[in-house]
Amino acid sequence: MGAFAFVLDNGLWWILLHGPLDGSATKARIISACTATLFSWVANRLWTFRHRRQANITREVVLFFIINGVGIIISSGFTWIAQYPLGITDAKWLGFAGVVGIGVATILRFFAYRFWVFNAELDDEPGFQSDHELLDDAGSKNPARATEAETTPGSTSSTGSGFRAGGAGSSMEAEPTRPEAAP
């Protein structure tokens, strides 16, 4: 779906830049990115992450659009910097600046989707059970946090296996440890 959103974003940007928004590359990028973001949410919810949807659709859509809003600022920012401070007027170079911005924003979105937006059930899938521990490793290096985790009833060791990424505005939230399945 990302490839379709990329083509939609850049194709619409090109049409807008050479049509109704001639000479306004940043405005064209903002409009094309917003359109691609709307397409991306529908496609990700109904196709790519259909089995990982959150039960709370309001939370999911708010997180999705906040994260993509940051992505739009990044991709439009690259175009703006190229057009105004750098003085670039060639549409090809402005398009290239936007593509670089999209690349940077894509890296941000990739991790944000996994850990905050479409994260339901992923921890139960083979190969993904412990990937949230990558975030917890930073917390386990904090001796105060490790001691707290070891002494809190119902928590697991300081390795972080009982913690997972929380939602927007939260750090790590305790989660009860699931019993392991018998072999």
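# A guided tour of the helices and aromatic rings

Begin by selecting helix 1 (residues 2-17) together with helix 4 (residues 91-117), which pack at an angle of about 150° with their axes 11 Å apart. That angle makes helix 1 roughly antiparallel to helix 4, since angles over 145 degrees are counted in that way. The two helices cross in a right-handed manner. Please keep in mind throughout that this is a predicted model.

Next, display the side chains where these two helices touch. On the side of helix 1, select Phe 6, Asp 9, Asn 10, Trp 13, Trp 14 and Leu 17; they meet Ala 91, Leu 94, Gly 95, Val 99 and Ile 102 in helix 4. Colouring the residues of this contact by class gives eight nonpolar, two polar and one charged.

**The second pair of helices**

Now select helix 2 (residues 25-48) and helix 3 (residues 57-83). Their packing angle is about 150°, and their axes lie 9 Å apart. Helix 2 and helix 3 are therefore roughly antiparallel to each other. The crossing of helix 2 with helix 3 is right-handed.

Show the residues that join this pair. From helix 2, the contact includes Ala 25, Thr 26, Arg 29, Ile 30, Ala 33, Cys 34 and Trp 41. From helix 3, the residues that take part include Ile 57, Glu 60, Phe 64, Phe 65, Ser 76 and Trp 80. Sorted by class, the contact of helix 2 with helix 3 holds twelve nonpolar, nine polar and three charged residues.

**A serine in helix 3**

Zoom in on Ser 76, which is found in helix 3. Is Ser 76 buried or exposed? Its relative accessible area is 5%, so Ser 76 is buried, the limit for this class being under 20%. If neighbours within four places in sequence are set aside, Ser 76 is in contact with Thr 26, Arg 29 and Ile 30.

**A leucine in helix 1**

Return to helix 1 and select Leu 12, which lies there. With a relative accessible area of 22%, Leu 12 is partly exposed. Which residues does Leu 12 contact, leaving aside its neighbours within four places in sequence? They are Val 7, Ile 31, Ser 32 and Thr 35.

**The aromatic rings**

Finally, display the rings of the aromatic residues. A pair of aromatic rings is described by the distance of the centres and the angle of the planes. The count for this model comes to six aromatic pairs. One of them is formed by Trp 93 and Phe 96, whose rings are 5.8 Å apart centre to centre, with 85° between the planes, an edge-to-face arrangement. Both residues lie in helix 4, three residues apart, about one turn of the helix. Trp 93 is exposed, at a relative accessible area of 53%, whereas Phe 96 is partly exposed at 48%.

Move on to Phe 110 and Phe 111. Their ring centres are 5.0 Å apart and their planes stand at 85°, so this pair is edge-to-face. Phe 110 counts as exposed at 55% relative accessibility, and Phe 111, at 45%, is partly exposed.

As a last stop, select Trp 41, Phe 64 and Phe 65, which form one aromatic cluster. These three residues also belong to the contact between helix 2 and helix 3.

Methods:
Residues numbered from 1 in each chain as written. Predicted model: local features only at pLDDT ≥ 70, side-chain atom pairs only at ≥ 80, totals over all residues. Heavy atoms only, no water. Axes fitted to C-alpha atoms, helices over the stretch in contact; angles between N-to-C directions. Helix = DSSP H or I, 4+ residues; strand = E, 2+ residues; numbered from the N terminus. Parallel < 35°, antiparallel > 145°, perpendicular 65-115°, else oblique. Left-handed = near helix turned anticlockwise from the far one by under 90°. Contact = heavy atoms within 4.5 Å. Nonpolar A, V, L, I, M, F, W, Y, C, P; charged D, E, K, R; others polar. Phe/Tyr/Trp six-rings, centres within 6.5 Å; stacked < 30°, edge-to-face > 60°. Buried < 20%, exposed > 50% of the residue type's maximum accessible area, 1.4 Å probe, protein only.
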